[in-house]
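Visitor: Can we go over this one? I'd like to start with how the chains meet.

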There are 2 protein chains.
Amino acid sequence: MAAAQDSSEFCKAFPMNGGDGPNSYANNSAIQGKYVDFAKQLTVKEIAEKLDIEIFRSSNTFRMADLGCSVGPNTFSVVETILEAVQLKYQSTMMNSEFPEFQVFFNDHTANDFNMLFKALPRNRRYYAAGVPGSFHGRIFPNASIHFFHSSFTVHWLSRVPKDVADRNSPAWNKGRIEYSNSTNEVVRAYKAQHAEDMECFLNARALEMVCGGLMVLIIPGRPNGTRHLASATFQLLEACLMEMVRKGVIPEERVDSFNVPVYFTSAQELEAVVEQNGCFSIERMEHLPHMNVDDSVLTNFASHLRAVLEGLIKQHFGEEILDELFDLYSKKFEQQRFMIESGRTIQFFVALKRKEN
Amino acid sequence: MAAAQDSSEFCKAFPMNGGDGPNSYANNSAIQGKYVDFAKQLTVKEIAEKLDIEIFRSSNTFRMADLGCSVGPNTFSVVETILEAVQLKYQSTMMNSEFPEFQVFFNDHTANDFNMLFKALPRNRRYYAAGVPGSFHGRIFPNASIHFFHSSFTVHWLSRVPKDVADRNSPAWNKGRIEYSNSTNEVVRAYKAQHAEDMECFLNARALEMVCGGLMVLIIPGRPNGTRHLASATFQLLEACLMEMVRKGVIPEERVDSFNVPVYFTSAQELEAVVEQNGCFSIERMEHLPHMNVDDSVLTNFASHLRAVLEGLIKQHFGEEILDELFDLYSKKFEQQRFMIESGRTIQFFVALKRKEN
C-alpha cells in the first residue's frame with residue numbers, strides 16, 4: 001500500500017500564534033482578510049464557470065479543504081462563500097436533485113491550535129467539519145477524495161530555510177541578513193530552488209488527492225514579472241531591529257547571521273513554469289489582486305500583526321526573552337517609516353487551477 | 001439539504017482529562033485498555049468473517065472512525081489492530097489488486113484535547129488522520145461515508161442528566177444520591193428512558209453515516225440480564241466521600257442533591273431491543289468480555305483513574321477547589337474497601353453490528 005507518510009517529517013512548522021490574546025493570529029489577520037474578501041468574488045466566478053457538478057454526483061458529498069487554515073475567522077468565511085457558490089451552481093444545474101452534503105477539512109501544521117479552531121466553528125454550519133494535522137508539502141488525504149482546495153497566504157512559506165543559507169562554509173551563507181531579497185545571487189538562487197521544490201511537492205500531493213475536474217484556488221503573495229527580488233519592507237525593518245539589538249549586546253551577532261525568514265515571493269512566470277512542469281493542472285485564471293489600502297487601525301497595530309505571524313519562528317531561534325523588546329522596537333521604527341510599508345511592494349496573486357483528466 | 005446540525009447542541013460535554021499530567025486520561029486509562037486489548041481478538045475475528053471488501057472497492061479507500069477517542073494510547077492501538085485485520089482480509093480476497101488507502105477519523109467532544117491527540121499520532125502511521133469534533137449523539141459524518149465504526153467505553157455516558165432527576169419538584173428527584181442504581185423506581189426509569197433515547201439518536205446517526213454492509217464494534221459497560229440495577233461500587237464510594245464533605249461543611253448539601261453522574265449500565269436485553277427498534281443493523285455478535293483482574297498498580301492509583309474520567313463533570317458542578325480533597329478522601333476510603341471494587345459488579349459487552357442493506 002501507499003504508506004501515508006508522516007507529513008511532519010517534511011518541514012519545520014511555525015504556525016501562526018494560537019489562542020485569542022492580543023498577539024494571536026485570530027486577532028491580527030485583518031490584512032490577509034481584506035485580500036481574502038476580495039478574492040472571494042473571483043472564487044465565486046470560477047466555481048460558477050468552471051466547477052463540474054458531475055464530479056461529486058456519485059457520492060452526493062462535496063468535499064473541500066482549506067490548507068494552512070490557522071485558527072482565525074478568515075477560514076470560516078471563505079468556506080461559507082465557497083459552499084454558497086457550489087450550492088448556487090448545483091441548483092442551477094441539477095434541478096429536483098437531492099441536495100449534496102458538504103464535508104470541510106481544516107488543515108494546518110500539527111502544532112496549530114486545533115482546540116481553538118474547533119471551539120470557533122460556526123454553530124449553525126451546514127457542513128461536517130474535520131481537522132487534518134500535517135504539512136501540505138506531503139500527502140494528507142486519500143487518493144481522489146477532494147473536490148476543491150483553497151489556500152491563502154501559505155505557499156510563500158518555504159518548508160525549510162535552504163540549508164546552504166545558514167551554513168557559514170557555503171557561498172550562499174546569508175551573513176548579516178534575515179532574508180534573500182537584498183542578498184547575493186547565491187542566496188537568491190537557494191531560496192528560489194527551495195520554493196520550486198516545495199511547490200513541486202505541493203502540486204504532486206494535491207494532484208493525487210484531487211478528483212479529476214476538481215478546482216484549487218490559491219492566494220499567493222509574490223512580485224511582478226520581470227522585477228528583481230525587491231526587499232520586503234516588513235522584513236527589512238525587522239532586520240534593522242535585530243541588528244540594533246546586536247549593537248546593544250542583547251543578541252549575539254552570530255544568532256542573526258544564522259537566522260533566515262523562510263519566505264519566498266514568486267512571480268507569475270515562475271508559478272506558470274512549476275504548474276506546467278507538474279503537468280496535472282490547467283491554469284484557469286492567474287491575476288493580481290488590486291492593492292488594498294489597509295485601515296489605520298491595522299497599521300497602528302502592525303507590529304502585533306507581524307508578531308502573530310512570526311513569533312513562533314523568532315522564539316525558536318532567539319528565545320522567548322527577546323520578543324517584547326524586539327516588537328516594541330519594531331513598533332517604534334514602524335511609526336517613523338510607515339510610508340515605506342504602506343507603499344506595498346509585494347503583490348497578491350489569485351490563482352485558479354483545475355485538475356486535468358488522467 | 002440535510003443541515004449538518006451543530007452536534008454540540010446535543011449534550012453537555014465532559015471529556016476525559018487532557019494533557020499528560022498525573023491526572024490525565026492518557027496516563028489513567030489502563031483499565032479500559034485491558035478490556036480493549038481483549039476485545040481486539042473478537043474484532044479481528046468479526047472483520048475476518050463479516051467484512052465485505054466490496055463495500056470500499058470503488059473508491060479503494062477504507063474509512064473508519066473511533067467515536068469518543070479521547071487522547072490516550074488506546075485509540076491508536078485499536079486503529080492499528082483494525083487496519084491490520086482489514087489488510088489481511090483484503091489480501092486474502094483481492095490478490096493482485098492495488099492496496100486500499102486508509103482514512104481514520106478520531107471523534108470526541110469539541111472540548112476534547114485534540115491538540116494533544118494530534119501530537120501523539122504515531123509518526124509512521126499508514127493512514128490519513130483527521131479529528132472530528134462533536135457529540136456522536138448527532139450527525140458528524142456525511143451520508144454513507146464510513147465503513148467501520150469503533151467506540152469503547154462511551155455509550156454508557158448519557159447525553160445529559162435526565163431532567164427530572166435534578167428537579168426538586170419531580171417525583172424522580174434524586175435527593176442525597178449521585179446515581180440511579182440504588183435510588184427510587186422513578187429515578188431508574190428516568191435514566192433508562194434517557195439511555196434508550198440516546199441510543200436511538202446514536203444508531204439513527206450511524207445508520208445514515210455508514211455504508212451498507214459496514215461494521216460497528218462497541219464495547220459497552222453494562223449489567224447481566226435479569227439483574228436489578230446494582231449499585232456501582234465506584235460511584236457509591238464517591239457518593240460517600242461527597243456526603244462526608246457535606247457533613248464537614250465543605251460542600252452544601254443541596255449541591256450533592258442536584259449532582260448526578262450521567263452514566264447508565266444497560267443489559268443485553270435492552271441493547272437488543274434498541275437495535276431492533278432502530279431496524280438498520282443486524283447483531284452479528286453480542287457477548288460479555290471476561291472479567292479482567294486489574295494490576296495492583298492500577299488499583300493503587302484508582303482515585304487518579306477516576307479523577308481522569310470524572311474531573312470535568314465534578315469541577316463544573318462543585319468548583320475546582322474541592323477536587324484535591326475529594327480525591328484524597330476517595331483514595332483513603334478506597335484502600336479500606338478495595339475488595340468491593342475488585343469484585344467488579346459491572347460487565348463489559350462486546351457488540352458487533354452490521355449495517356443492513358437499505
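Guide: About 3500 Å² is buried between chain B and chain A, with carbon and sulfur atoms giving 53% of that area. Buried area is the accessible area (1.4 Å probe) that two parts lose on being put together, summed over both. This is a predicted model: local features need pLDDT of at least 70, side-chain atom pairs count only at pLDDT 80 or more, and totals for chains, interfaces and linings use all residues. Residues are numbered from 1 along each chain as its sequence is written, and side-chain values use heavy atoms, without hydrogens and water.

Visitor: How many residues of chain B are in contact with chain A?

Guide: 38 residues of chain B, against 38 residues of chain A; contact means heavy atoms within 4.5 Å.

Visitor: And how many salt bridges between them?

Guide: Two, counting a Lys or Arg side-chain nitrogen within 4 Å of an Asp or Glu carboxyl oxygen. One salt bridge joins the side chains of Arg139(A) and Glu101(B), at 3.5 Å, N to O.

Visitor: Which element of chain B gives the most to that side?

Guide: S3(B), with six residues. Strands here are DSSP E runs of at least two residues and helices H or I runs of at least four, numbered from the N terminus.

Visitor: Other topic. At what angle do H9 and H10 of chain B pack?

Guide: About 145°, with the axes 10 Å apart. Axes are lines fitted to C-alpha atoms over the stretch in contact, and angles run from 0 to 180 degrees between N-to-C directions.

Visitor: Which residues make the contact?

Guide: Among them are Phe302(B) and Leu306(B) of H9(B), and Phe327(B) and Tyr330(B) of H10(B).

Key:
Chains are lettered from A and ligands numbered from 1 in the order in which they are written.
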